Each structure stands twice: as C-alpha cells, then as structure tokens.
Amino acid sequence: MQDFDFAVIGAGIAGVSVAYRLAPKASVVILEREHVPAYHTTGRSAALHSETYGSPEIRAITVVSGRFYRQPPPGFTDHALLTPRGALIAGRAEQQAAIQK
C-alpha cells in the first residue's frame, strides 16, 4: 500500500487542476471512477455552455449562470467569459420543433 499526502476525488477540470498545484509540494493521487479523466464534467461544462442540456434543474442552473457569464460584475474580468461558437445538432425530422423552442 502506498501513502499519499492528498487524495483528489475526481479527474475533472477542478480535480486535475488542484492535483497539478499540489504535486510540486506533496504526493498526490487522483481517484477517478471513469476509464479516462474528464469523461463527463470537463467535456460538458468547460467546452460548451448549453442551456438545453441536462435535467430541468441543471438547465435552470445553467440559464442563471449564463446571465452571470454574459454580464459579470464590473471589475470581475477584463475578458469575455463566453464567446460565440458554432454547434451542430443532429436529430430526426420529428425532433426539429423541440430544439427550436
């Protein structure tokens, strides 16, 4: 059995970031349930701000956070937090009305 100073639970963007910061000064192990790091959270949260993804609760949180990202408080940042980018949505013809709401 190995000993570590810190165990980081989850290899999403937050987990690997904190492990990166700790590693020069301590021994760190990252524990991840998935077969690769950042399988769920990073790819969905850091790559694309989508107000149509997830459960009703997740969509509501995403809408509210989108308001903050589009208009952060004065002095919060010198750069835009969101930038427009294209996306391709694929589906069947009968699903078209649902994505145009």
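**Close-up 1. Tyr69 in helix α3.** Tyr69 has its place in helix α3 of this predicted model. With a relative accessibility of 33%, Tyr69 counts as partly exposed, because that class covers values between 20% and 50%.

Close-up 2. One of its members, Tyr69, is a residue of helix α3.

**Close-up 3. Thr62 in helix α3.** Helix α3 spans residues 56-70, and Thr62 is found within this span. Thr62 is classed as buried because its relative accessibility is 14%, and buried means under 20%. Leaving aside residues up to four places away in sequence, Thr62 touches His49, Ser50 and Glu51.

**Close-up 4. Val28 in strand β2.** Strand β2 covers residues 28-31, with Val28 among them. Val28 has a relative accessible area of 22% and is therefore partly exposed, since only values under 20% count as buried.

**Close-up 5. The surroundings of Val28.** When residues up to four places away in sequence are not counted, Val28 touches Phe4, Phe6 and Val8, as well as Ala19, Leu22 and Ala23. Asp3 is also marked for its distance from Val28. Along the chain, Val28 and Asp3 are 25 residues apart, and their C-alpha atoms are separated by 9.1 Å.

Definitions and conventions
Residues are numbered from 1 along each chain as its sequence is written. This is a predicted model: local features need pLDDT of at least 70, side-chain atom pairs count only at pLDDT 80 or more; totals for chains, interfaces and linings use all residues. Side-chain values use heavy atoms; hydrogens and water are left out. Helices (H or I, at least four residues) and strands (E, at least two) are DSSP runs, numbered from the N terminus. Buried means under 20% relative accessible area, exposed over 50%, partly exposed in between (1.4 Å probe, protein chains only). Contact means heavy atoms within 4.5 Å.
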